[in-house]
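User: I'd like to check the labels on this model against their cut-offs. Can we start with what counts as buried?

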Amino acid sequence: MTIPVNLHYSTDHEWVSASEGPATVGITAFAAEALGDIVYVQLPEIGAKVEAGQPCGEVESTKSVSELYAPASGTVLEINDAVVADPSLINQDPYAGGWLYRLHVQQPAALLSAAEYDALIHSA
Amino acid sequence: MTPDHRLLRRTPLYAAHDQLGAKFTAFAGWSMPLRYGSEVTEHHAVRHRAGLFDLSHMAQIEVSGPEAGRALDYALVGHLSAIDVGGARYTMLCHDTGGILDDLVAYRLAEHRFLVVANASNAAVVLAALRDRADGFSTSVADRTQDRALIAVQGPNAAEIVSSVVETPVETLRYYAATVVEMAQRSVILARTGYTGEDGFEIFCSAEDATDLWQTLLREGAEHGLQPAGLACRDTLRLEAGMPLYGNELHVGITPFEAGLGRVVAFGKPGDFVGRAALAERKASGPRSVLVGLVAAGRRVPRHGHAVIDLVSGERLGLITSGAPSPTLGHPIAMAHVPAPHAHPETSLHVDIRGTIEPVSITSTQFYRRSR
């Protein structure tokens, strides 16, 4: 699977569109594939303050539930109502239509490049 | 902790699953295909067309000899000696205390030959119990699992698909009947049994024939929409159909009566059987709990181990035994053992799903029933 080069990645298999300022967050295709069919997603509330590496929501697949970790610290600006209504969008289009929320990154976080993330998932 | 996959057993079809791109999971010490692509797609395929399952991890135990029927009557709760040749019966192995050790299907292949199919997770327990209990009867108990394989074709198109690969007409094979047939020039036992709530067949063959039969079925079944299906959808299919899973709905702490399956205990059969006294007592006193079906209004799924609570009293009534989003019904479904007074459809129950209290309503455990 192709890992978009213009995004940043966390070790928790999330992607972020920017490392500071307004940024969009989602989970990677690797994570979506591992989870299987996603049936429910719980996102942080608009205005909530999230902390890098801390759980801020949940994603539930047919078989299991996984926590969503914030890839960076900041304040949640917007959530994707479309994935709340239809969580399968995350499986179908994890890097675009399946985006989860937007936040204002207040502290630059230690993120991986596409190449580094690629190396991470292939070493598993 | 990820189990070391090199220590897991493989069925004769492992290579075939690998070629199909299966995602494997460790199950009862075996490396089994969990899904090949989307488990929801596989689930729908079984409901609308057909799915092909590898069930070779299940134990195949042959019980044979002049007293095979009587030995099984003693060892198991059912009246196995009353099965006609070519018949099959769902039954249970119980402890002296009446607790369920496994649920099984027994097939009578000949007057003095039975095939007992047990859950992979209980293979050792069942084999040991059958050997122990058959002692004193003129019977031999042999574990054939290593030399055999089991392939299932399940779905509305199953009969058409199986017909295309056997000479004998399959329409005449009744539900819960089994017969020896030639399939792609190989001798197999064909049974009209399954665990999905759809029409279907289970094919018992030798380990050497498994791959060829699997490939033949996939090839011939393609035009009827047959696709490989893994253990993930097997679980959602059986849950929708109201079928219990050992380890979840069934376990040694309950008798068949708590699972609503008192019918499997044949008190009228001649001779004693293991658990008779305890089971008779439980039948007389009534079950300690009732297995109910639950449906959730929201999207959160009640899962195995979540607490079922009475919101008014705050009392914990029981635990969810199985729960999943139902692909066919479009909402979460679950089962739980609850005390009898709380098992009425009007009872308001709630489930603590990871800290959030969600309302659920009681329904029949048979959430789905096939239309034909």
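Analyst: Buried means under 20% relative accessible area, exposed means over 50%, and partly exposed is in between (1.4 Å probe, protein chains only). The model is predicted: local features need pLDDT of at least 70, side-chain atom pairs count only at pLDDT 80 or more, and totals for chains, interfaces and linings use all residues. Side-chain values use heavy atoms, leaving out hydrogens and water; residues are numbered from 1 along each chain as its sequence is written, while chains are lettered from A and ligands numbered from 1 in the order written.

User: OK, what makes Phe257(B) buried or exposed?

Analyst: Its relative accessible area is 14%, so Phe257(B) is buried. Phe267(B) comes out at 22%, so that one is partly exposed.

User: Why is Thr91(B) called buried?

Analyst: Its relative accessible area is 1%, and the limit is under 20%, so it's buried. Thr91(B) is in strand 5 (residues 88–94) of chain B; helices (H or I, at least four residues) and strands (E, at least two) are DSSP runs, numbered from the N terminus. Beyond its neighbours within four places in sequence, its contacts (heavy atoms within 4.5 Å) include Leu76(B), Leu80(B) and Asp102(B).

User: What makes the Thr91(B) and Gly78(B) pair a polar contact?

Analyst: A polar atom of the Thr91(B) side chain is 3.3 Å from the backbone nitrogen of Gly78(B). A polar contact needs N or O atoms within 3.5 Å; within protein, one must be able to donate a hydrogen and the other to accept it, and residues adjacent in sequence count only if both atoms are side-chain atoms. Over in chain A, the side chain of Ser17(A) reaches the backbone nitrogen of Thr24(A) at 2.8 Å.

User: Why is helix 3 of chain B said to be largely enclosed?

Analyst: 6 of its 8 residues (68–75) are buried, so the rest of the structure largely encloses it. Among those buried are Ala68(B), Leu72(B) and Ala75(B). The buried residues pack against strand 4 (59–64), strand 5, strand 7 (113–118) and helix 4 (123–134) of chain B.

User: What makes strand 5 and strand 8 of chain B edge strands?

Analyst: They belong to an open, antiparallel sheet of 5 strands ordered 5-6-7-4-8 in chain B. Strand 5 and strand 8 (140–143) each pair on one side only; pairing takes at least two DSSP bridges between two strands. Strand 4 and strand 7 of chain B pair over 6 bridges.

User: Why is the Tyr107(B) and Phe204(B) pair given its geometry label?

Analyst: Rings of Phe, Tyr and Trp (its six-membered ring) pair with centres within 6.5 Å; planes under 30 degrees apart are stacked, over 60 edge-to-face, the rest tilted. By this rule there are 8 aromatic pairs over all chains. Tyr107(B) and Phe204(B) have 5.2 Å between centres and 70° between planes, so they're edge-to-face. Tyr107(B) is in strand 6 and Phe204(B) in strand 12 (residues 200–206) of chain B, so the pair ties together parts 97 residues apart in sequence. Tyr107(B) has 1% relative accessibility and counts as buried, and Phe204(B), at 1%, is buried too.

User: What about Phe257(B) and Phe267(B): what makes that pair stacked or edge-to-face?

Analyst: Their ring centres are 6.4 Å apart and the planes are at 10°, so the pair is stacked. Ring pairs also link Phe257(B), Phe267(B) and Phe273(B) into a cluster.

User: How do you know that Lys269(B) sits over the ring of Phe273(B)?

Analyst: Its charged end is 4.3 Å from the ring centre. The label needs NZ of Lys or CZ of Arg within 6 Å of the centre and within 35 degrees of the ring normal. Arg10(B) sits over the ring of Tyr14(B) too, with its charged end 3.8 Å from the centre.
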